[in-house]
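Work through the exercises below with the model open. Each task is followed by a solution in steps.

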Amino acid sequence: MKAVIYSRISKAEQSEFSLEAQVESCQAWIEREGYELYTVYTDNGFSAKNTNRPQLQQMLADLKQKKFGMIVIWRLDRLTRDTIDGLNMVKNEFKPNGVDFASVNEDIDTSTPDGYMMFTIRLSIAQNEREKIAERVMLGMKARARKGLRPNASVPYGYNLRQDLSLEVNEEESEVVKRIYQLYLEGNGINRIANILTEDMIMTKNGRVIWGDNVVLNILTSPTYYGANRMKVKGSEEDIIVRDMHEGIVSESLFDEVQHIAQRKRDKKMTFSSYDFPFATILKCGECGSNYYGQQRPTNRGGISRYYRCRSNTKKKECPGSTISEPKLYVLFRNFLDQFEFSTNDPQTNLDGKDVTKEIKRMKKLIEDSSVKKKNYTRAMGSGKLEYEMFLELMSEENEKIEKWKSELDKLDKLVPNTNRTKGDVTKLLNELRNTWDDLTHGERKIIVQRLFDAIVIKKEENIWSIIGFKLAD
Ligand SMILES: [Zn+2]
């Protein structure tokens, strides 16, 4: 595959490090990884303050024409001044054009699934860091904003205006607001929600009974509803959010969840049913072998409860497998990760899976023996040595047994560990996952968990959950 090098040096940096050194280390990387060098783009004497650099623009144009499949740089700051901008350029411009990216100095290489995974983890941590800094800057803004009035004069639905111009929850209207959030979380669109409210003859703030889409949209997207004010700041592209300005009607986490769903709907990345549950489909029921699926519902306090449920646990078919809340599952999974590191030091456990293989052999043998029996019964019946009634009874007995063993076998197959990845790789990924878990979104957790595992089997015994088996992905 063809690879290109991008290098840049500003006027101020001329003495610090040379273009040659950048290109040389990129070249060495390209050779080592087995790519073919297509060309080198060099912006000499340009700073990274914007992307108005002739050779960078040329590279982006060539990229769209698919002239190469890999971009190699010496360090991210050659591309953009800000790490996050650089990582976002990779995610939003390189990757969608099928072009991979490597930064020699930062050990980034998006061309393998594991490498890309590490890359997204880094991006999300960098973004998180930036948000923390922004939060600190905002504290100052907040102090000033407290002295001021509301950013705009109209009174939002769900609230009354006090004498001092602060907001106070309107009990009756706030119930409608909660209902709107609940309806949205349950999968209803903006238009459907507006229709429901109109049908129920609920009054809007200005005394109308027809709810427009815009009114509903505003309620679902305004930070007012978790107690914050959104303010425009002169000279800044981003709005400032000032929290704790008044009593919220929904929690901030519920609000965020709604924004996240809306974004994914806009991106056409999901239907409601395929929502970001990290363990959806790979989590298996230790009672019946079915998949667990994720569900969520609003709680009375305005938060969200997320949980997993066995697919066979319905009104028709009843599996004794219990429902597990997401927080409980996370605790279980993290304990599992902790123990996993320990057991990988001992190569004979978990990754090896000898006992499972033995058990599979035994099941197969039982099924085979049973088939032989069935043949014998058929022969005996054919030659008149066995009554037809008796024959039917014996056959159904054997069939029942075979059925049972086969489902047992299915379960066991899912437990057979896979050793295509080296233990070192797995340990590295699991460590990364454990260390970054709290910083990741549901979606990012899903990418990583599902890249690592094909199956995780859980079971509750005497009120204690445990992971009774797992299968690593290829
Ligand atoms: Zn089940």
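Two strands pair if DSSP finds at least two bridges between them; helices (H or I, at least four residues) and strands (E, at least two) are DSSP runs, numbered from the N terminus. The model is predicted: local features need pLDDT of at least 70, side-chain atom pairs count only at pLDDT 80 or more, and totals for chains, interfaces and linings use all residues. Residue numbers start from 1 along each chain as its sequence is written.

**Exercise 1.** Describe how helix 7 packs against helix 5 and against helix 6.

Solution. Step 1: axes are lines fitted to C-alpha atoms, for helices over the stretch in contact, and angles run from 0 to 180 degrees between N-to-C directions. Step 2: the axes of helix 5 (residues 171-185) and helix 7 are 10 Å apart, at an angle of about 90°. Angles of 65 to 115 degrees count as roughly perpendicular, so helix 5 and helix 7 are roughly perpendicular to each other. Step 3: Val177, Ile180, Tyr181 and Tyr184 of helix 5 make the contact (C-beta atoms, placed from the backbone, within 7 Å) with Val216, Ile219 and Leu220 of helix 7. Step 4: helix 6 (residues 190-199) and helix 7 (residues 213-221) have axes that come within 8 Å and cross at roughly 110°. Helix 6 and helix 7 are therefore also roughly perpendicular to each other. Step 5: here Ile190, Asn191, Ile193 and Ala194 of helix 6 meet Asp213, Val216 and Leu217 of helix 7.

**Exercise 2.** Find which residues Val4 is in contact with, leaving aside its neighbours within four places in sequence.

Solution. Step 1: the contacts of Val4 beyond those neighbours are Tyr38, Thr39, Val40, Tyr41, Met59, Phe68 and Ile71.

**Exercise 3.** Locate Ala262 and state how far its C-alpha atom is from that of Thr221.

Solution. Step 1: Ala262 is in helix 8 (residues 252-266). Step 2: the C-alpha atoms of Ala262 and Thr221 are separated by 9.4 Å, although the two residues are 41 residues apart along the chain.

Technical notes: Contact = placed C-beta atoms within 7 Å. Parallel < 35°, antiparallel > 145°, perpendicular 65-115°, else oblique.
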